[in-house]
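Thanks for making the time this morning.

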Amino acid sequence: MEEENARDAGPTDSSDLPVREPDPDLSQADPPPDRLRGMVRALEVVERDSAAISESYSSLFSSLRLALSEVTSSSVDHISCFSDVAGRLQESALDAATKGNRYINSFLRLNEEMKGMESLAMQLKLLRRDVDILESAVNQILRLS
């Protein structure tokens, strides 16, 4: 059991720890020129990609701004057109209602006039009958003479 406790406690002196040599690629000294060139190339690629992405976003936002402007302009045009059509429809409806009322009033006046004509028509029928009777009487007198 003492051996287990000694193992669990870990190494007690530094001579038991492995010693690592520093990695030359990670040292604080100047990196080799090949590595610098690779880093510069990578940064240039990142910079070009960033510029391309920026240009894409700029183009996208410009297109969206234009589309929004066109939609807004179209909506304003449609609302204006709708307002014009609604106004003209209202004017036409008022004009039709006015003409319809005039027609109805004219018809009512004509109806009233026709009521007066009924008595006149009756008088004309009686007059015609009397003329027919007179004509018949005159014809009889002329035949007898």
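How many residues apart in helix α2 are Glu-112 and Lys-115? Before I answer, please keep in mind that this is a predicted model. Glu-112 and Lys-115 lie three residues apart in helix α2, which means that about one helical turn separates them. The two form a salt bridge, with 3.6 Å between the closest N and O atoms, and Lys-115, at 47% relative accessibility, counts as partly exposed.

With a cut-off of 4 Å between a side-chain nitrogen of Lys or Arg and a carboxyl oxygen of Asp or Glu, the count comes to four salt bridges, and I will discuss some of them here.

Let me turn to another pair in that helix. Lys-99 and Asp-95 form a salt bridge whose closest N and O atoms are 3.4 Å apart; these residues are four apart in helix α2, which covers residues 33–144, so the separation is again about one helical turn. Lys-99 is partly exposed at 49% relative accessibility, and Asp-95 is also partly exposed, at 38%.

The last pair I want to show is Asp-130 with Arg-129, a salt bridge in which the closest N and O atoms are 3.8 Å apart. Are these two residues buried, partly exposed or exposed? Asp-130, with a relative accessibility of 41%, counts as partly exposed, and Arg-129, at 47%, counts as partly exposed as well.

Technical notes:
Residues are numbered from 1 along each chain as its sequence is written. This is a predicted model: local features need pLDDT of at least 70, side-chain atom pairs count only at pLDDT 80 or more; totals for chains, interfaces and linings use all residues. Side-chain values use heavy atoms; hydrogens and water are left out. Helices (H or I, at least four residues) and strands (E, at least two) are DSSP runs, numbered from the N terminus. Buried means under 20% relative accessible area, exposed over 50%, partly exposed in between (1.4 Å probe, protein chains only).
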